[in-house]
Amino acid sequence: MTREFIPYGTTLNVAISILDRCDPSEIAAELESPLCGQLGGPSYRFVGTTSRLAAVVDRVGRRLIESGECGAGVATWRLYNVALIMFLTSEDRELQTAYKIATASGS
């Protein structure tokens, strides 16, 4: 199923749509997982984003802070990594729903 999201940026947009629907405690748990740090790699790279993607990431970050699960802001790259982890563990139906949300918003 995930091979269907080939166009540039679609995978990240779908992953962020999944992340946006996750409970803050679930996101916080993945932020602490070893895989989150491992996905980061040895260097930083700029990822251009749409205004929709930036808004969703900001909303997720605010929800985390407001929930008390994270005391301070979370680096955007870490939220991207958690989104990709959630993407990898999602079932086909959830991926299809997230894809519809991501593409309906003009991403």
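**Briefing on the predicted model**

D20 has a relative accessible area of 23%, and this residue therefore counts as partly exposed, a class that lies between buried (under 20% relative accessible area) and exposed (over 50%), with a 1.4 Å probe and protein chains only. The model is a predicted one, in which local features need pLDDT of at least 70 and side-chain atom pairs count only at pLDDT 80 or more, while totals for chains, interfaces and linings use all residues. Residues are numbered from 1 along each chain as its sequence is written, and side-chain values use heavy atoms, with hydrogens and water left out.

**Overall build**

- The secondary structure of the protein chain comes to six helices and zero strands, where helices (H or I, at least four residues) and strands (E, at least two) are DSSP runs numbered from the N terminus.
- Read from the N terminus on, the elements of the chain follow the order α-α-α-α-α-α.
- The protein chain has 107 residues, and buried residues account for 35% of them.

**Salt bridges around D20**

- Two salt bridges are present in the structure, each defined as a side-chain nitrogen of Lys or Arg within 4 Å of a carboxyl oxygen of Asp or Glu.
- One of them joins R59 to D20, with the closest N and O atoms 2.7 Å apart; because R59 belongs to helix 4 and D20 to helix 1, this pair ties together parts that are 39 residues apart in sequence.
- D20 also forms a salt bridge with R63, and here the closest N and O atoms are 3.3 Å apart; the pair links distant parts of the chain, D20 being in helix 1 and R63 in helix 4, 43 residues apart.
- D20, R59 and R63 are thus linked in a network of salt bridges, in which R59 is partly exposed at 34% relative accessibility and R63 is partly exposed at 22%.

**The nonpolar core**

- The largest nonpolar core holds 27 residues, of which I16, I18, L19 and I27 touch the most other members; such a core is a set of buried Ala, Val, Leu, Ile, Met, Phe, Trp, Tyr and Cys residues joined through side-chain atoms within 4.5 Å.
- At least two residues of this core come from each of helix 1 (10–20), helix 2, helix 4 (51–67), helix 5 (76–89) and helix 6 (92–104), and helix 5 gives the most, with seven residues.
- In soluble globular proteins, nonpolar side chains tend to be buried together.

**Residues far apart in sequence**

- F87 is found in helix 5, and its relative accessible area of 4% is why F87 counts as buried.
- Between F87 and T11 there are 76 residues of separation in sequence, and their C-alpha atoms are 8.4 Å apart in space.
- A54 lies in helix 4 and is partly exposed, with a relative accessible area of 31%.
- A54 and I16 are 38 residues apart along the chain, and 9.7 Å separates their C-alpha atoms.

**Charge on the surface**

- D23, E26, E69, E91, D92 and E94 gather in a patch of negative charge on the surface, where a patch of charge is made of residues with over 30% relative accessible area and no salt bridge, like charges being joined within 9 Å.
- Among these residues, E26 has its place in helix 2 (residues 24–31) and counts as partly exposed at 39% relative accessibility.

Terms used. Patches are made of residues with over 30% relative accessible area and no salt bridge: like charges are joined within 9 Å, nonpolar side chains (Val, Leu, Ile, Met, Phe, Trp, Tyr) within 5 Å. Accessible areas come from the Shrake-Rupley method with a 1.4 Å probe; for residues, only the protein chains shown count as cover. Lys and Arg count as positive and Asp and Glu as negative; His and the chain ends are not counted. The place of a charge is taken as NZ of Lys, CZ of Arg, CG of Asp or CD of Glu.
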